[in-house]
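Opening the notebook on a new model today.

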Amino acid sequence: MATRSLLLEMLEATAATDSGFEVNDRDHAVQVATRARRSGADDEVVVAALFHDSAKAIDAHSHGEIIATMLAPHVRPDVVWMLRQHQDYTATEIDNGHNPLRRLAHRVLQRGERHDLAVRFVDEWDLPGRDPEYPSDPVESFLPEIDRVLAQHREVHPPFATWVARRVLRKVWHVSGVAQRRIRSRVAA
Ligand SMILES: [Fe+2]
């Protein structure tokens, strides 16, 4: 869960985080959101783009995971995936120089719409979004989108591994309860 003021505060704080680029993280994020909006992306993607690096103000290493968790109650699953994974997709593209085989392997492994949106985000908006000459829209212009997205309430699904682990634990708990009751009834008999 997140509030508009908290998210904007985090965004502004990234003006001081150092990622080693000419354009700082705050201006980069505004540029990425502007590029997404001008490409016709919907509100959820635009707002996610605006805040995708904001959690660098908290922890650079896990910033994708943090902002994905914060926005998950308000955006659909492929947007959560995009936020959670964008560091990996960016690293893959940068490290492999757009190697087509690597891209194919990535696509097969992460198949589906979630992958397509994450790749589009990285290729079209995130990686090009460090142009110091790019005329970005002001942050204030995104307030209507932010408010619309934060007013939405989505059901949050846990990651698949967590879902499986919970089901297994529930089953073990159930089976052990049944076993205990049987043992007790035999002892009593
Ligand atoms: Fe970024």
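I began with burial: in α2, Asp25, Arg26, His28, Ala29, Val30, Gln31, Val32, Ala33, Thr34, Arg35, Ala36 and Arg37 are buried. Buried here means 20 or more other C-beta atoms within 10 Å of the residue's own, exposed means 12 or fewer, partly exposed is in between, and C-beta atoms are placed from the backbone. Twelve of the 14 residues of α2 are buried, so this helix is largely enclosed by the rest of the structure.

Ground rules, for the record. This is a predicted model, in which local features need pLDDT of at least 70 and side-chain atom pairs count only at pLDDT 80 or more, while totals for chains, interfaces and linings use all residues. I number residues from 1 along each chain as its sequence is written.

Next I checked the overall fold. I find nine helices and zero strands in the protein; these are DSSP runs numbered from the N terminus (helices H or I, at least four residues; strands E, at least two). Of the 189 residues, 31% count as buried.

Back to α2 itself. Residues 25–38 make up its 14 residues, and from first C-alpha to last it reaches 20 Å, close to the 20 Å expected at 1.5 Å a residue (1.5 Å times one less than the number of residues). Just after α2, I see Gly40 with a positive phi of about 90°.

Which way does α2 run against α3? The two pack at an angle of about 165°, with their axes 7 Å apart. That makes α2 roughly antiparallel to α3 (over 145 degrees; under 35 is roughly parallel, 65 to 115 roughly perpendicular, the rest oblique). Axes are lines fitted to C-alpha atoms over the stretch in contact, and angles run from 0 to 180 degrees between N-to-C directions. On the α2 side I list Ala29, Val30, Val32, Ala33, Ala36 and Arg37 as making the contact, and on the α3 side Val45, Val46, Ala49, Leu50 and Phe51 (C-beta atoms, placed from the backbone, within 7 Å).

Then the core. The largest nonpolar core has 37 residues, and those with the most contacts inside it include Ala33, Val46, Phe51 and Leu71. Such a core is a set of buried Ala, Val, Leu, Ile, Met, Phe, Trp, Tyr and Cys residues joined through C-beta atoms within 7 Å. Its largest share, seven residues, comes from α3.

Last entry: not counting residues up to four places away in sequence, Leu71 touches Ala2, Ala48, Phe51, Val80 and Leu83.

How values were computed
Two residues are in contact if their C-beta atoms, placed from the backbone, lie within 7 Å.
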